[in-house]
Amino acid sequence: MRRPGAPSAPGLLIYWFITLFFHFRWYFPSGLSACERGSDMARGHAFAIMTASCTAAAACSGCVPSGTGWAAPYLEDQSPKIAVVMPARAPSISQEFRYNENIAGHEGIDILAPVRTPVIAAADGVVRNSLFEPMYGNRLVIDHGSDAAGRRIVTVYKHLKARIANPGSHVQRGETIALSGNTGALAGGIPHLHFEVHRQAHSQSAGMSPIDPHLVWANGAGRVSCYTPHAQEQPQSDALTYPLACGPLRTPS
Ligand SMILES: [Zn+2]
């Protein structure tokens, strides 16, 4: 017997079908070779394609944009589209946020990263959740408390290879909390970090909604902000830094 309020089995199947459709529609445009898909991605219509012989973004530079300093354009139906400024050494964004009250397409951004790249906390916070589920694989959730307007902010990290930070533990900005991967069916076998930011609409609202991560970078909207370990002043706790280190991509042995 299912719990009152729990989704029915047909309901779950329909949900998964719709979610898969929206994801793989952009991952695998039909009739294109891997490199053609790469150039198609450059025009903003597809996701980075990595074949078995091309498992690191840096190795794909011949057929897809390089592993750092590049951000995919927004899809046409996303609004607003934020002008994104990528530091040259920031791991590339292969898919932008695509979500509003009319579309439920992609509630975060995808950042290309070889499997086992350290994932770092986007701000100080407390680990609220650490779990595995089939669609998004290994997931970690960090609660950053309230922003200056009293709205709670949470960040979510998905498709992880390994979850390192334990639930209930306090983490600091820049601390390694996980290793990136391609777990979960929705990763499509492509190593990347799916990164989400959720925020209360206002301090009194009950629920939280996904927001475009580009709205809350420490250096301002659209300005992807690399974490700087030895900076004299770290950003306010409600301003986020990039969840992967900028610079040469490092993979621990
Ligand atoms: Zn994603």
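These legends accompany close-up views of a predicted model.

**View 1. The whole chain.** The chain has 253 residues, and 41% of them are buried. Its secondary structure comes to 2 helices and 13 strands. Among contacts between residues at least 6 apart in sequence, 55% join residues at least 24 apart.

**View 2. Confidence along the chain.** The mean pLDDT is 79. A value of 70 or more is reached by 72% of the residues. Over residues 21–65 the pLDDT is below 50. Beyond near neighbours in sequence, that stretch has 60 contacts in the model. Where pLDDT is low, the predicted coordinates should not be read in detail.

**View 3. The largest nonpolar core.** This core has 42 residues. Those with the most contacts inside it are Ile-111, Val-119, Leu-140, Ile-177, Ala-178, Leu-240 and Leu-244. Elements giving two or more residues to the core include strand 4 (109–112), strand 5 (118–120) and strand 7 (137–146).

**View 4. Around Ile-111.** Neighbours within four places in sequence are left aside here. Ile-111 is then in contact with Pro-91, Ile-93, His-192, Leu-193, Phe-195 and Leu-244. Both Ile-111 and Leu-244 are among the core residues with the most contacts inside the core.

**View 5. The loop at Val-115.** Val-115 is found between strand 4 and strand 5. It counts as partly exposed because 18 other C-beta atoms lie within 10 Å, whereas a buried residue needs 20 or more. Not counting residues up to four places away in sequence, Val-115 touches Lys-161, Ser-180, Gly-181, Asn-182 and Pro-191. Val-115 and Gly-181 are 66 residues apart along the chain, yet their C-alpha atoms are separated by 4.4 Å.

Terms used:
Residues are numbered from 1 along each chain as its sequence is written. This is a predicted model: local features need pLDDT of at least 70, side-chain atom pairs count only at pLDDT 80 or more; totals for chains, interfaces and linings use all residues. pLDDT is the predictor's confidence in each residue, from 0 to 100. Two residues are in contact if their C-beta atoms, placed from the backbone, lie within 7 Å. A nonpolar core is a set of buried Ala, Val, Leu, Ile, Met, Phe, Trp, Tyr and Cys residues joined through C-beta atoms within 7 Å. A residue is buried if 20 or more other C-beta atoms lie within 10 Å of its own, exposed if 12 or fewer, and partly exposed in between; C-beta atoms are placed from the backbone. Helices (H or I, at least four residues) and strands (E, at least two) are DSSP runs, numbered from the N terminus.
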